[in-house]
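Thanks for coming. I have one structure today and a few minutes, so please look at the screen while I talk.

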Amino acid sequence: MNIKITGTGSYIPDNVEKNENFHSNEFLNSDGTLINAPNEVIVRKFKAITGIDERRYAKNHLNTSDLASFAAEKAIENAKVNREDLDYIIVAHNYGDVRHDSIQSDTVPSMASRVKHLLRIKSPNCVAYDLLFGCPGWIQGVIQANAFIKAGIAKKCLVIGAETLSRILDPHDRDSMIYGDGAGAVVIESTNEDGGILNHKSATYSLDEAHYIYFGETNNPDIKEDRRYIKMYGRKIYEFALTNVPLAMKSCLDEAGVDIKDVKKVLIHQANEKMDEAIVKRFFKLYDLNMPEGVMPMSIAKLGNSSVATVPTLFDIILKSQLENQEINKGDIILFASVGAGMNINAIVYKH
């Protein structure tokens, strides 16, 4: 018995927020002082570091659970399964449903229960729950689904990563330009086919690293409101990721018994183009190799960082020939990897 992804789906919102739309923002340092540079320069430097030209924002009437259900519908259709046969729905997210113009996150009922409701699944035996694991949440959901199927307590699982980060952005923080909205989903089943999940690795570093990504106040000291926004210590995250993620990826691959030269694609969380490239280059350097051209597909230029949604969305659009000069063929070895709040790291070696 092998455990494989049999269907994929994603939802990319229609609203495009281009870099030039930030030219009128008042960007401030964390201490509230004005950044001493024109916005055009700030945005140009941002693009050079992150690789982001634009990102997608959900329409005002849609929430995280809606985006998740749209991606889920596509995955179920792609897998050609009966939704009533699903044993688990696992929804990875971080902030729940934050309605437009609201300052409160709504997580009761869970996103997974809302998605099950929106999918109109009747069976009470389909267990729905949420997973909070930072940006690596979707990969962790796949790892959990794999464990359920291996243990014999599930046959089919739906794993979704969805987020609407546009609802928790501080307009006075340069980092707000990084984030976008989206959702990706997969159906995972036991199968007699060759391949599937070959190995996985997870880790949590929280002794000194727990608050590298956190909920904080606006950078504007003149605004007096009881509201929090997504914040991060970018330099610390960069150094942490470069030190720890390549080692975790290598450990995962070595334990799977797979030769590095057989890896066709590395689908890494779309956090920051320069950081991702540095991670993957360092990973290959651990084997005294240079990073092969085209091994690291990127969607961040057009979609931004949608947290838990980046990896499943990237996987889906490649499989559906929607990313230029990228393809995944049957039998290809893929390495999924992510890093995010916690600080959490995980990886999966997967044979398509």
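Salt bridges: searching the whole structure, which is a predicted model, turns up 19 of them. I will go through a few.

Take Lys47 and Asp53, which form a salt bridge with their closest N and O atoms 3.7 Å apart. Lys47 has a relative accessible area of 31%, so it is classed as partly exposed. Asp53 is partly exposed too, at 29% relative accessibility.

Next, Arg114 and Asp97. Their side chains meet in a salt bridge at 2.9 Å, N to O.

Asp106 is partly exposed at 25% relative accessibility, and Arg99 is partly exposed at 43%. Asp97, Arg99, Asp106 and Arg114 are linked in a network of salt bridges.

Now the sheet. What is the strand order? It is β1-β9-β8-β4-β7, an open sheet of 5 strands with mixed pairing. The edge strands are β1, residues 2–11, and β7, residues 127–131. Neighbouring strands are turned by 20° against each other on average, ignoring direction.

Inside that sheet, β4 (88–92) and β8 (156–164) pair in the parallel sense over 5 bridges. Ala92 has Gly161 in β8 as its bridge partner.

Last, the helices. Helix α2, residues 64–79, lies across β1, β8 and β9, at about 130° to β1. Helix α8, residues 310–319, lies across β1 and β9, at about 90° to β1.

Terms used. Residues numbered from 1 in each chain as written. Predicted model: local features only at pLDDT ≥ 70, side-chain atom pairs only at ≥ 80, totals over all residues. Heavy atoms only, no water. Pairing = 2+ DSSP bridges. Helix = DSSP H or I, 4+ residues; strand = E, 2+ residues; numbered from the N terminus. Axes fitted to C-alpha atoms, helices over the stretch in contact; angles between N-to-C directions. Contact = heavy atoms within 4.5 Å. Salt bridge = Lys/Arg side-chain N within 4 Å of Asp/Glu carboxyl O. Buried < 20%, exposed > 50% of the residue type's maximum accessible area, 1.4 Å probe, protein only.
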